[in-house]
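Please keep the structure open while you read.

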Amino acid sequence: SDDEDVYHDDQLEFDSGFGNVIVVDNLPVVPREKFEKLEGVIRKIYSQIGVIKEDGLWMPVDPETKKTLGYCFIEYNTPQEAELAKEKTNGYKLDRAHIFAVNMFDDFDKYMRVPDEWAPPEIKPYTPGENLQKWLTDEKARDQFVIRAGTDTEVLWNDARQSKTELVYKRSYWTESFVQWSPLGTYLATVHRQGAAVWGGANTFNRLMRYAHPQVKLIDFSPGEKFLVTYSSHEPSNPHDANRVVINIFDVRTGKVMRDFKGSADEFTIGGAGGVAGVSWPVFRWGGGKEDKYFAKLGKNMISVYETETFSLIDKKSLKVENIVDFSWSPTDPILALFVPELGGGNQPARVSLVQIPSKVELRQKNLFSVSDCKMYWQSNGEYLAVKADRYTKTKKSTYTGFELFRIKERDIPIEVLELDNKNDKIIAFAWEPKGHRFAVIHGDNPRPDISFYSMKSSHNLGRVSKLTTLKGKQANALFWSPGGRFIVLAGLKGFNGQLEFFNVDELETMATAEHFMATDIEWDPTGRYVATAVTSVHEMENGFNIWSFHGKLLYRILKDHFFQFLWRPRPPSFLSAEKEEEILKYLKKYSKKYDAEDQDVSMLLSEQDREKRRMLKEEWEKWISEWRRASEEEKLERQKLRDGEASDEEEEYEAKEVE
């Protein structure tokens, strides 16, 4: 990494070589004969926490009195063990008179450097920062994306009119594992051995802030970009112990640690799947909305909900929920949806409940009988919650799936039950239309499943869910709605080799079908105008990405070896009200005249460029011909000489003589 310069003096604690040494103070002062006994006691206490190095326990003795000095040094194999020992034994009561005071050896150095005289901090003059949102004001209203291929990371404009990309910024070894945009697109985060960093700027990418966290593996931003959560996991010296997990929550703008959480991996592995080493990531899930007020973590029989004013638990205690296995926040409101599985062989049914934060009042609860598993899906505006419940049949030999649909914004939160026409169909995928009232489901057991579309608003009765249509036998196993709704890509990934169908849900018709062979990733740009499909380095061949229009026309493709990541830069939500957006849609023809003219200019320019290209080729050809003509003229006399003075170059003017 080019970030070797990263950490200033005050953070060199783990480079001075004593990061794995602790100092234990307040030990009994003992004469020579009791020395071994005391050492045995200390060794017993401290070797439970980690592996003490050979000759790693040193207890200094006063040369005059030949008694110990009341403190000792302990050297562990790793700094993590030393830190854990400090945390666990600082304040340990050996007996009434001896309460351990434990410090890191490096801390002494740090505190010794504090000057004795207080000097007021130097006040720097205020310099206005750059406009980090400047990319949103692009004349051509283009979107940016970042790609990682080989050792290079590049940020590019998608110039779809010109059918090409335009480079914004490129850097080799910019990150050591992955890059990630912040949720509103302000920052690009990179990950390094010593911690994470965020980058941004008006016209290029400058490093704005660093977050020290050795061996960071995963990062996560809060939805309003105020906080960054970093995660690392460290191998214990004793293979029987669980990994030690460190999680820091930083203030993005100041780089200050607001709160850290440390513990064994077991404390962070409850519920959820994915992540690394059994930890479900993100460990802390953020409450919806831009305020970044609350975040929560699943624990055993509880949910710990924290607020970001003081970074402490709401009401100083966790929310007790027996046997809870999963929860999710509404994307827009401080509402938690919780799922508790059924217990006691069905005597206590499974239940889903909605809880208001910070009051912890239950808004709605629904008991579900004979449920084997359950998944929750929120609609992006937090208007609807779909709970997909897999239920046992009467014989308990098989399961079938149904949906419980909650209407969150309506009075008393009414719930509706939806079962598919063939209720034994396996559900392959489910997705809400963003900002809309429709959802799509892929269902069926055969190699070519069916896709059904439903609406939460039926034409005659607003309070009922209704089916719009079912598409039979499609090569699809994943759904990708446009961020603006209306359009959806029905994709067949993995086994289906990258089949794509671009579907218009308003008209219920297919706009185009295509294929991006072996595609692994599909991402709509944040405006819903373009779709990127990519083949990442999971496959050896054909690495790179394609850019399509929303109606399925391939605009351009770029091949890149060792292609790892493609991410569109997110846009912050629009400032326009829903009414204003509707008005623009209504008078779209009026607005689009200006852009039609621009498009015309671009296509004129493109055809002009084509004509120019053809003219160049023709000129080149003519130049080539004339070169050879000139050469032929220059050699004319030479040829005459060789032909005994015959000047003719015309092949026809000759006569044949037979000579014996």
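Is C374 buried or exposed? C374 has a relative accessible area of 6% and is therefore buried; here buried means under 20% relative accessible area, exposed means over 50%, and partly exposed lies in between, using a 1.4 Å probe and protein chains only. C72 is also buried, at 0%. The structure holds zero disulfides, a disulfide being a pair of cysteine sulfur atoms within 2.5 Å.

A word on the model itself. It is predicted, so local features need pLDDT of at least 70 and side-chain atom pairs count only at pLDDT 80 or more, while totals for chains, interfaces and linings use all residues. Residues are numbered from 1 along each chain as its sequence is written, and side-chain values use heavy atoms, with hydrogens and water left out.

**Domains**

The domain assignment gives domain 1 (21-113) and domain 2 (576-613); such bounds come from an automatic or database assignment. The centres of these two domains, taken over C-alpha atoms, are 74 Å apart. From an unreviewed UniProt entry comes the annotation "domain: RRM", covering residues 20-107; such annotations may be inferred rather than shown by experiment. Residues 20-107 are 31% helix and 31% strand, and their end C-alpha atoms lie 12 Å apart. Helices (H or I, at least four residues) and strands (E, at least two) are DSSP runs numbered from the N terminus.

**Salt bridges**

Across the whole structure there are 38 salt bridges, each a side-chain nitrogen of Lys or Arg within 4 Å of a carboxyl oxygen of Asp or Glu.

| Pair | N to O distance |
|---|---|
| E433 and R438 | 2.8 Å |
| K580 and E583 | 3.8 Å |
| R630 and E627 | 3.4 Å |

Both partners of the E433 pair are buried: E433 has 5% relative accessibility and R438 has 11%. K580 and E583 sit three residues apart in helix α4 (residues 578-586), so about one helical turn separates them. K580 is partly exposed at 32%, and E583 is partly exposed at 34%. In helix α5, R630 and E627 are likewise three residues apart, which means about one helical turn between them. R630 is partly exposed at 46%, as is E627 at 43%. Elsewhere, D138, K140, R142, D159 and E166 are linked in a network of salt bridges.

**A nonpolar patch**

Which residues make the nonpolar surface patch of about 380 Å²? They are L585, Y587, L588 and Y591. Patch residues have over 30% relative accessible area and no salt bridge; nonpolar side chains (Val, Leu, Ile, Met, Phe, Trp, Tyr) are joined within 5 Å, and like charges within 9 Å. Areas come from the Shrake-Rupley method with a 1.4 Å probe. Y591 lies in helix α5 (residues 588-634) and is partly exposed at 32% relative accessibility.

**Backbone details**

I357 and P358 are joined by a cis peptide bond, with omega about 5°. P358 is placed in the loop between β25 (350-356) and β26 (361-368). F311 is a residue other than glycine with a positive phi, near 55°. F311 is in the loop between β20 (302-307) and β21 (312-313), and is buried at 4% relative accessible area. N323, not a glycine either, has a positive phi of about 60°. N323 belongs to the loop between β22 (319-320) and β23 (326-329), and is partly exposed at 30%.
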